[in-house]
Amino acid sequence: MASLHPRPCATIALSIAAAAALVLAAGTAAVTAAAVSAATPPSVPTAGFPSGGSNPGIFTDTCAPASRAPNDPIMMPGMTGMSMQHDFFGNRSVTASSTAPRLRGGSTTCSTTADSSAYWTPVLYQNGRALTPSRTLLYWRTPAGIAATTTSMPSGISLIAGDETATAPQSTSVVDWTCTTTAAEPRPARGDAPHDCPAGSQLRLVITFPNCWDGHTFDGRDRSGAVYATDSGCPASHPVHIPQLVLHVSYPTSSGAGITLSTGPQTQGPPVTGHADFVSGWDQQRMDADAAACDTAQVRCGPVRGADALPEGGKSARRS
């Protein structure tokens, strides 16, 4: 359950792997930090993959729905059954008490078994009937302007994007309603509310996470640890550039009518309350390797698969 306001819940106990020490580089206007692994990340071959160019460096994975439950390990840790209904993706064994160390290495619905993270969104209803998402596509991207100083997603971090308490449409830079692409409509309309989609496509909810980290806050509950980069980069208060996670959740409907989102264990509300949550359960060396080879190097790696999370290349032909 994502909120802009902290709640009187016990903080989640996210242990930090000893291999993820921070090195702060002084003497620059905006101090940057890098996660240092205990061993060199494995090599990620990207020869022939397209460069970022005017697009961000990126890699992706896809996660099928894993479970549905009124639990929220970030906002309501340990409070089983007391959250709004959520659709969980990725790790198959998420509970209200899940933490990053418990998730890591677990069974997952994602396209790479290196990603045992937990991702969740409120349940979407149409005319009172819960719809099961058809899939969730995850983007891990970095714009060219901050790529040189981008580090990996920190081990053990949790993040929240969007506002469950919103009473008006949110910025489309954070919560964006659109449709899946088709040959006839490769650039579907986007908006701050659900809308009808062309024949053959599905309604899609896009949630964009912050990509500037303060370098020390791992618990995402009060949102203080991460903010969004601006055109001038990350602020001095949050100097660590991390890959930007973007969730694309598709639903089996082409109609935007009668859409509501869960607001409690048994209640629903308007779709302006879109949000998403993430607790990292990545194999950290694989995350480090993909972030370095794709995001920092500004390569369009495309989907990563298998235990090694090796990329398969971008949509473009293999050209620089």
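In this predicted model, Cys63 and Cys110 form a disulfide with their sulfur atoms 2.0 Å apart. Cys63 lies in strand 3, while Cys110 sits in the loop between helix 1 (100-103) and strand 6 (118-122), so the bond ties together parts that are 47 residues apart in sequence. The torsion about the S-S bond is about 95 degrees, which means that this disulfide is right-handed. Both Cys63 and Cys110 are buried.

Strand 3, which holds Cys63, belongs to an open sheet of seven strands with mixed pairing, in the order 11-12-16-9-3-20-21. Strand 11 (175-179) and strand 21 (310-311) stand at the edges; each has a single partner strand, so one side of each is left without a neighbour in the sheet. Within the sheet, strand 3 (residues 57-63) pairs with strand 20 (residues 300-305) in the parallel sense, over three bridges. Thr60 stands opposite Pro303 in strand 20. Helix 3 (residues 284-296) lies across strand 3, strand 9 (135-142), strand 20 and strand 21, and runs at about 135 degrees to strand 3.

A second disulfide to consider is that of Cys294 and Cys301, whose sulfur atoms are 2.1 Å apart. Its torsion about the S-S bond is about -100 degrees, so the link is left-handed. Cys294 and Cys301 are both buried.

Cys212 and Cys234 are also joined by a disulfide, at 2.0 Å from S to S. With -80 degrees about the S-S bond, this link is left-handed. It connects Cys212 in strand 13 (residues 212-213) to Cys234 in the loop between strand 14 (226-227) and strand 15 (240-241), 22 residues apart. Both cysteines of the Cys212 and Cys234 pair are buried.

The whole structure contains four disulfides. Counting bonded cysteines along the chain, their pattern is 1-2, 3-4, 5-6, 7-8.

Key:
Residues are numbered from 1 along each chain as its sequence is written. This is a predicted model: local features need pLDDT of at least 70, side-chain atom pairs count only at pLDDT 80 or more; totals for chains, interfaces and linings use all residues. Side-chain values use heavy atoms; hydrogens and water are left out. Two strands pair if DSSP finds at least two bridges between them. Helices (H or I, at least four residues) and strands (E, at least two) are DSSP runs, numbered from the N terminus. Contact means heavy atoms within 4.5 Å. Axes are lines fitted to C-alpha atoms, for helices over the stretch in contact, and angles run from 0 to 180 degrees between N-to-C directions. A disulfide is a pair of cysteine sulfur atoms within 2.5 Å. Buried means under 20% relative accessible area, exposed over 50%, partly exposed in between (1.4 Å probe, protein chains only).
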